[in-house]
Amino acid sequence: MIYQGNAISVARDDEGIATLTFDLKDESVNKLSSAVVQELEQALEALRGESDIAGLVLASAKDAFIVGADITEFHGLFAKGEDEIQSMLEQVHGIFNGLEDLPFPTVSAINGLALGGGCEVTLATDFRVMSETAKIGLPETKLGILPGWGGCVRLPRLIGADNAIEWIAGGTENRADACLSVGAVDAVVPPESLEAAARDILNRARSGELDYQARRTEKCSPLGLDAIEQMMAFETAKGYVAGKAGPHYPAPIEAIKVIQKGAGEERARAQAIEAKAFGKLALTDVCYNLVGLFLNDQVVKKKGGQYAKQSVPVERAGVLGAGIMGGGIAYQSASKGTPILMKDIKDEAIELGLKEARKLFAKQVERGKLSNEQMAERLSNIRPTLSYGDFSHVDLVVEAVVENPKVKGAVLAEVEENVSEDTILTSNTSTISITRLAENLKRPENFCGMHFFNPVHRMPLVEVIRGEKTGDGAVAATVAYARKMGKTPIVVNDCPGFLVNRVLFPYFGGFSQLMAAGADFQRVDKVMEKFGWPMGPAYLLDVVGMDTAVHAGEVMAEGFPERMGSLGGAGSEGKSAIQVMFDNERLGQKNAKGFYAYEEDKKGKPRKVRDEAAIELVKGIAESGREFSDEDIIARMMTPLCLETVRCLEDGIVGTPAEADMALIYGIGFPPFRGGALRYIDAMGLESFVAQADELAAELGALYAPTDRLREMARNGERFYQDAAEA
């Protein structure tokens, strides 16, 4: 044994080939924490001290190769400032360069995921062999930074500037065949042949058949592009990536600039350019929030995993109510391998549900994600039925009928008579109390909410709602099933609107108040979209549907009369803009007219256009014609949403700030680069936020009033995310 550490060991065989194995003790995956990087330095030092090494294999004893740097260290490190960041980067560059400069050939045997720093360490070796099942990539731009351990320097020299820009700006994970085709790896083999393939490459390098020194020279030299080639590669990419990334995500464009600036430089200078840009990005709010988002996601996944461990597996499912929603749920279940019965009382509804599922599978075939045979096989996982005949064998049922408590209650009581005593019943309700729906059930402990968001195949969140009598087993099974469907489940307690809709409707309340005061809804949409929302509030209401919004608003008003009695915003006619749209049968996209009118685009999707009739209707309820600055609009829209999130946390509806923020990002498209409602309050400072809320409450009422606990937190200088390193 040449070296033995907590995460790395180095051993040599009789032929003089050394293997450096990553195997981080007490962890399921390998991560490059500061301690592991230090061990790598020591291991390489030990290797340099040996006189008869013929070659080195980098390997992993875990299923993944290395999943990247230890992101839990980022907030703490970045908080120390630019000098400390530069010092860390210089240290790692020195270590990786030392690996690249070893006096013998080196090869990485990539057995699983090699991401971020894990990918960058493989780029420092002369050769790479890859298992057919492995993936590699540089996802740093998704954290608001760029590859800072040599990725922006080595990858373009290996696979060309165009390919490297695509990998780095897109942050993609790349399959083995794609890696081989661009030259990122030298061989792709079955998992069991990986070690032999790595040794074979080293033997060929030792014999002179493969020139490893030429490889090094190529990676350490300038990129061979003339001025015209540079312009074609970089300027075109900048325009395309800027359009895709949008103005709030600077990292992808910055990464292209780094590759461009370093293109004419040798290794040391190009790495210095990369390090400087990394340091600049690491100190931005966007990076802080996106790293926080990653850490929050880990919290949510860990909680979901704990629930799933306690659950009985869901092998067969059922959905009640076909239609678009039921078809979407059936598709999602079938596509992830859980057979599902889809029941309705009408043939035409069944056909609609099947049509929805077929359409979604067909799109997967179009994109090359599925073959026709795979589509047929997965579609056969959906069994349409008009009866409860086979429901006795189902482990979990999702009720997805019309949003009406009487109808839902009757359907749930009926299905309970036709399933086994152990079957879990769930309701895909968006607003109706789970405790109330459980009143007609004989086994309320086996019942909980399972709230999907529309469209089901796109929206990652599932709210799992615990009613007063819901048992742990029902929650655990529902969480496990949601995870199996590829969704992110967040467990919340029962209340009107649960978490996401309870928080969303005060935001609509802020919008109604603005309309009553004479704001232009088109301008409000533009301001909120510029703020980072995928669509403004008027456009979102059109997508949700005015009938749905009115119904949900009534549920909120009944549940929280003091704050949401009329969800604010009653104009001169005593009605909100939403109610006026509803009364004039302007339901939004579902009947092609709401705040906007809708026309079909070339792909048959609704495209919004200005509608004078809607503008006149809203003007008709305005009490005045006040002018609002962008800042006024943002404050009036965001304050009630953020306050309701605080209340949900204080009321125990949601367990942690991480879960609250992730639910808003995954459920309603809260701008990810802002980190979530609670992180947004932290960024503003609780004292400033409370002062702003008080000022608005004086004019606009209880929807804008801070809670006593929030005031106390502001006085004490507290935050929702107390420790930056842990946030």
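The entries that follow are grouped by topic.

**Entry 1: cores**

I am working from a predicted model. I began with the nonpolar cores. The largest one has 110 residues. Phe521, Met528, Phe595, Met638, Leu641 and Phe720 have the most contacts inside this core. Which helix gives the largest share of this core? I found helix H27, residues 630-650, with eleven residues. Another core lies apart from the largest one and has 84 residues. Leu56, Trp167, Cys179 and Ile256 are among its members.

I then looked up Phe595. Leaving aside neighbours within four places in sequence, I noted its contacts, including Phe511, Phe521, Leu541, Met546, Ile578, Met581 and Val618.

**Entry 2: aromatic pairs**

I searched the whole structure and got 17 aromatic pairs. I took Phe96 and Trp149 as one example. Their ring centres are 5.9 Å apart and the planes stand at 80 degrees, so I logged the pair as edge-to-face. Phe96 sits in helix H3 (residues 82-100), and Trp149 sits in the loop between strand E8 (135-137) and helix H5 (151-159). The pair therefore ties together parts that are 53 residues apart in sequence. Are the two partners buried or exposed? Phe96 is buried, at 0% relative accessible area. Trp149 is buried as well, at 10%.

Phe521 came up again, paired with Tyr596. This pair is edge-to-face, with 5.6 Å centre to centre and 85 degrees between the planes. Phe521 belongs to helix H21 (residues 521-531), while Tyr596 is in the loop between helix H25 (577-583) and strand E19 (597-600). Parts 75 residues apart in sequence are tied together by this pair. Phe521 counts as buried at 2% relative accessibility, and Tyr596 is buried at 4%.

**Entry 3: second largest pocket**

I went to the second largest pocket next. I read about 1,200 Å³ of space there. Its lining has 42 residues, and Val67, Ala69, Ile71, Phe294 and Gln298 are the closest to the centre. Helix H2 (74-78), helix H4 (117-123) and helix H13 (285-309) each supply at least two lining residues. H13 gives the largest share, eight residues. How does the lining split by class? I counted 21 nonpolar, nine polar and twelve charged residues.

**Entry 4: Glu50**

Glu50 is in the loop between helix H1 (34-48) and strand E4 (55-60). At 28% relative accessibility, Glu50 counts as partly exposed. Beyond its neighbours within four places in sequence, Glu50 is in contact with Ile2 and Arg12. Glu50 and Ile2 are 48 residues apart along the chain, with C-alpha atoms separated by 8.3 Å.

Most residues other than glycine have a negative phi, and most peptide bonds are trans. I looked for exceptions. The bond from Asn454 to Pro455 is cis, with omega near -5 degrees. Pro455 is in the loop between strand E16 (447-452) and strand E17 (461-466).

Asp26 is not a glycine, yet has a positive phi of about 65 degrees. Asp26 lies in the loop between strand E3 (17-22) and H1, and is exposed at 75% relative accessible area. Glu585 also has a positive phi, about 55 degrees. Glu585 is in the loop between H25 and E19, and is exposed at 59%.

Key
Residues are numbered from 1 along each chain as its sequence is written. This is a predicted model: local features need pLDDT of at least 70, side-chain atom pairs count only at pLDDT 80 or more; totals for chains, interfaces and linings use all residues. Side-chain values use heavy atoms; hydrogens and water are left out. A nonpolar core is a set of buried Ala, Val, Leu, Ile, Met, Phe, Trp, Tyr and Cys residues joined through side-chain atoms within 4.5 Å. Buried means under 20% relative accessible area, exposed over 50%, partly exposed in between (1.4 Å probe, protein chains only). Helices (H or I, at least four residues) and strands (E, at least two) are DSSP runs, numbered from the N terminus. Contact means heavy atoms within 4.5 Å. On a 1 Å grid over the protein atoms alone, a cavity is a set of points where a 1.4 Å probe fits but cannot get out, and a pocket is an open set with protein on both sides within 12 Å along at least five of seven lines; lining residues have an atom within 4 Å of a point. Grid points are joined across faces, edges and corners, and a volume is the space filled by probe spheres set on the points. Ala, Val, Leu, Ile, Met, Phe, Trp, Tyr, Cys and Pro count as nonpolar, Asp, Glu, Lys and Arg as charged, and the others, Gly among them, as polar. Rings of Phe, Tyr and Trp (its six-membered ring) pair if their centres lie within 6.5 Å; planes under 30 degrees apart count as stacked, over 60 as edge-to-face and the rest as tilted.
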